[in-house]
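Hello,

Here is the structure for your files. Please look it over, then read the notes below.

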Amino acid sequence: MEQFIKEILDSHNAYRKRHQAPALRLSQDLTESAQSWAEHIAGNDKLEHDTQCQKDKIGENVAMKYSSVHSDFPGNLFTDYWYREIEDYNFEGNVEDQIQCGHFTQVVWKASEEVGFGRAVSKSGRVYVVGRYRPAGNYMGEFGKNVLPPADGKIVLPETEQGARQHLH
């Protein structure tokens with residue numbers, strides 16, 4: 001699990017650097033709550049958000065990946081899934097109404113400082129991953145100052161892995 005967390009944290013911070021946002025620090029309490037929620041959704045084998053996060057003003061990304069061959073996906077793979085929503089994000093014009101890109105925007109949200117990650121595998125072999133962010137991102141009226149374009153101006157999409165199903169929620 002340590003290697004997975006290192007991979008997902010490093011990949012978050014690499015994307016954040018591209019988008020002129022400071023690196024995230026790993027938080028023990030966010031990691032514990034993310035792990036608890038990952039185990040909960042894996043136990044139910046259902047991808048869903050924790051409604052308590054919104055009450056606690058904690059940002060959350062969740063994802064599920066499945067392959068009949070293995071379940072040892074690297075952490076950066078999940079960050080890449082969330083980040084791929086950049087292809088639908090418009091950095092010009094009305095940047096405030098783009099919540100459909102909420103996974104991407106939470107990854108690079110400049111004001112977020114701490115993060116925690118959890119990972120659990122269901123009985124059916126699905127891998128559930130949870131990211132928790134503090135302070136939360138995706139507040140209307142704050143996208144323009146928190147979701148900055150890549151420093152070099154180039155949008156680069158991560159490659160996708162073939163042969164596995166993935167879902168974001």
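Cysteine 53 counts as buried because its relative accessibility is 5%; buried means under 20% relative accessible area, exposed over 50% and partly exposed in between, with a 1.4 Å probe and protein chains only. Cysteine 101 is buried too, at 0%. The disulfide count is 0, taking a disulfide as a pair of cysteine sulfur atoms within 2.5 Å.

This is a predicted model: local features need pLDDT of at least 70, side-chain atom pairs count only at pLDDT 80 or more, and totals for chains, interfaces and linings use all residues. Residues are numbered from 1 along each chain as its sequence is written, and side-chain values use heavy atoms, without hydrogens and water.

Next, the cores. The largest nonpolar core has 27 residues, and Phe78 and Phe104 touch the most other members. Such a core is a set of buried Ala, Val, Leu, Ile, Met, Phe, Trp, Tyr and Cys residues joined through side-chain atoms within 4.5 Å. H1, H4, helix H5 (102-108), strand S3 (114-121) and strand S4 (127-134) each give two or more residues to this core. Helices (H or I, at least four residues) and strands (E, at least two) are DSSP runs, numbered from the N terminus. Another core lies apart from it, with 11 residues, including Ile41 and Tyr128.

Phenylalanine 78 has contacts (heavy atoms within 4.5 Å). Beyond its neighbours within four places in sequence, Phe78 meets Phe4, Ile8, Ala63, Lys65, Phe73, Val127 and Val129.

Best wishes
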